[in-house]
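The sequence and structure come next.

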Amino acid sequence: MTKLTFLQCQVVEEEVQMSLAELCQACSVEPDVVLQLVEHGVIEPMGRAPPVWVFAGSSLQRTRVALRLLHDLELNLPGAALAVDLLDQIAQLQQQLQARR
């Protein structure tokens, strides 16, 4: 029997900014989860405190990737943070390689 997996995709530009509440809603998580992701360096908010935090569009993708790593691969937060950073570095290197061709 073939197992089908459906993915939900939402294109968000880097210039888009969202609040803590908007990021939580987009990722279907509680604010405590986002706070932990910030503490481990997965995402970096602009602003001094959670009530005024603003996140760049890239934070949505990084948060979703980290949540999948935490859930699907059962990584801990430091492991997920490292994996997200490495995945970003790979993507940047692939873009550089494509630009040279």
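Rings of Phe, Tyr and Trp, the last represented by its six-membered ring, pair if their centres lie within 6.5 Å; planes over 60 degrees apart count as edge-to-face. The coordinates belong to a predicted model.

**Aromatic pair**

The structure holds 1 aromatic pair. It is formed by Trp53 and Phe55, whose ring centres are 5.9 Å apart and whose planes meet at 85°, so the arrangement is edge-to-face. A pair of aromatic rings is described by the distance of the centres and the angle of the planes. Both partners are buried: Trp53 has a relative accessible area of 10%, and Phe55 has one of 0%.

**Fold and surface**

The chain contains 4 helices and 2 strands. Their order along the sequence is β-α-α-β-α-α. Of the 101 residues in the chain, 27% are buried. Among contacts with a separation of 6 or more, 52% join residues 24 or more positions apart. The accessible surface of the chain is about 7700 Å², and carbon and sulfur atoms account for 54% of that area.

**Cysteines**

How many disulfides does the chain have? The count is 0 disulfides, where a disulfide would need a pair of cysteine sulfur atoms within 2.5 Å. Cys24 takes part in no disulfide, and the nearest cysteine sulfur, in Cys27, is 7.7 Å away. Seen from Cys27, the closest cysteine sulfur is that of Cys24, and at 7.7 Å the separation is too far for a bond. Is Cys24 buried or exposed? Cys24 counts as buried, because its relative accessibility is 5% and the cut-off for buried is under 20%. Cys27 is buried as well, with a relative accessible area of 10%.

**Ser59**

Ser59 lies in helix H3, which spans residues 57-72. At a relative accessibility of 5%, Ser59 counts as buried. Leaving aside residues up to four places away in sequence, Ser59 touches Leu23 and Ile43.

**Buried residues discussed above**

The table collects the relative accessible areas of the residues already described.

| Residue | Relative accessible area |
|---|---|
| Cys24 | 5% |
| Cys27 | 10% |
| Trp53 | 10% |
| Phe55 | 0% |
| Ser59 | 5% |

Terms used:
Residues are numbered from 1 along each chain as its sequence is written. This is a predicted model: local features need pLDDT of at least 70, side-chain atom pairs count only at pLDDT 80 or more; totals for chains, interfaces and linings use all residues. Side-chain values use heavy atoms; hydrogens and water are left out. Buried means under 20% relative accessible area, exposed over 50%, partly exposed in between (1.4 Å probe, protein chains only). Contact means heavy atoms within 4.5 Å. Accessible areas come from the Shrake-Rupley method with a 1.4 Å probe; for residues, only the protein chains shown count as cover. Rings of Phe, Tyr and Trp (its six-membered ring) pair if their centres lie within 6.5 Å; planes under 30 degrees apart count as stacked, over 60 as edge-to-face and the rest as tilted.
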